[in-house]
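Hello,

Here is the structure I promised to pass on to you. Have a look at it first, and then read my notes below.

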Amino acid sequence: MLMLSLAVLILLSAFFSSSETGMMSLNRYRLKHLSKEGNKSAKRASRLLERPDRLLGTILVGNNIVNILAASIATIVAVRIWGDAGIAIATIGLTVVILIFGEITPKTLAALRPELIAFRVGIILELLQRLFYPIVWVCNAVSNGLLKLIGVNPADADEGQLSTEELRTVVREAGLGITRSRQNMLLGILDLEKMTVNDIMVPRNEAMGIDLEDPLSTILNQLRTCHHTRLPVYQGDINNITGIVHMRSIARLLSRGTLTKESLILACKEPYFIPESTPLHTQLFNFQKNKRRIAFVVDEYGDVIGLVTLEDILEEIVGEFTTDLMPSQDVHPQDDGTFVIDGSAALRDVNRQLQWKLPADGPKTLNGLITEQLESIPETSVCLAIGPYRIEILQTKDNMVKSARVWNRALDQVMAAKSLKLP
């Protein structure tokens, strides 16, 4: 009878040990999701976890009672069999048995399958919580009082809120739960907070627009061959912006050949200006709020330094649109494995296209990166190294790098290995 009681107590010890680990190992966000879907076991577990001090108090009170009873019974049985030596035998034997069957094995199972354990023991823990309430209340009162003495307030428990970086890690570690494309989209949304419009804008020297000082024939030809739906209209210089024209607004006049500069000006919409330091997530909201799709980026002196569109921001989330009619021609692969890159190429576009990691937290173009590293206007044939990348300047013009040959240092090792194999 005593041996049967001892076996039952060891099983109860395993129950309390697995319950503790299972409840504490539950994924709180999955638990909230299951609770919202109406899962009764998840709701019960959520109620228990609302007061972890009471939950732990109930489990530990039960576990200690069980283990003390088991130790007492084991000692009685051992003394009857081995006499006084039975005390030592019972201590060693019961310690090994409880460690294996009452602690390590059930806790490992609960850690690997927390929902399997926690959802099944929830109803029993609720009953035990009511049964042990007086004892648990006293123990918790003393424990919480001791915590307050050392400056810890149990009421200020962490609610498990995630920071942006922690959420980014959760998305990356989601595994098969989220497809790679969706992971990239979620990470793209989070990255909007770290980027400004200056990071993705089209520089003013690359922005396409209508110059009202050009002959009408030139303007008409430009409008007929343009792939964009919206174009800036300016007078001589992009700083003298008249407005934004939508091709739909002038399509009828353009098809009839009756478009004039005056009608073009009348069709323009008022330009929309934004500072270069505007975060992308803020600008996305501003585009929606102001019902705009294109904005001119200005510096601290009010000069236009580029433009940004709604599509540019969306591409940071979903990636390049496959309907882009004007693919980038800034990167030119060479037969030897190197790349000839235009100096005006945006570093972000180069990194994205070649899967590189050129530093883009300072200058935004390859020309800016080179001149910052050299601290001077470089001459042709100058070479430099930036991290694992090698850069050879091919052409300079108008105080800027027009083109450069760029390759990864790993290419040098490949070429060296090939040369060693030559007879």
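A contact here means heavy atoms within 4.5 Å. Please also keep in mind that this is a predicted model.

With that cut-off, L220, L223 and R224 in α11 meet M247, I250 and L254 in α12. The residues of this contact divide into 5 nonpolar, no polar and 1 charged. As for the geometry, the axes of α11 (residues 216-225) and α12 (residues 247-256) come within 12 Å and cross at roughly 120°. The crossing of α11 past α12 is left-handed.

Next, the sheet. It is open and has 5 strands in the order β8-β9-β12-β11-β10, with antiparallel pairing. At the edges are β8 (331-333) and β10 (383-386), each of which pairs on one side only. From one strand to the next, the twist averages 25°. Helix α17 (residues 366-374) packs on this sheet and touches β9 (339-342), β10, β11 and β12, and its direction makes about 85° with that of β12. Within the sheet, β11 (residues 389-397) and β12 (residues 400-408) run antiparallel and are joined by 8 bridges. Look for I391, which stands opposite V406 in β12.

Enjoy exploring it!

Best wishes

Note on methods: Residues are numbered from 1 along each chain as its sequence is written. This is a predicted model: local features need pLDDT of at least 70, side-chain atom pairs count only at pLDDT 80 or more; totals for chains, interfaces and linings use all residues. Side-chain values use heavy atoms; hydrogens and water are left out. Two strands pair if DSSP finds at least two bridges between them. Helices (H or I, at least four residues) and strands (E, at least two) are DSSP runs, numbered from the N terminus. Axes are lines fitted to C-alpha atoms, for helices over the stretch in contact, and angles run from 0 to 180 degrees between N-to-C directions. A crossing is left-handed if the near helix is turned anticlockwise from the far one by less than a right angle, and right-handed if clockwise. Ala, Val, Leu, Ile, Met, Phe, Trp, Tyr, Cys and Pro count as nonpolar, Asp, Glu, Lys and Arg as charged, and the others, Gly among them, as polar.
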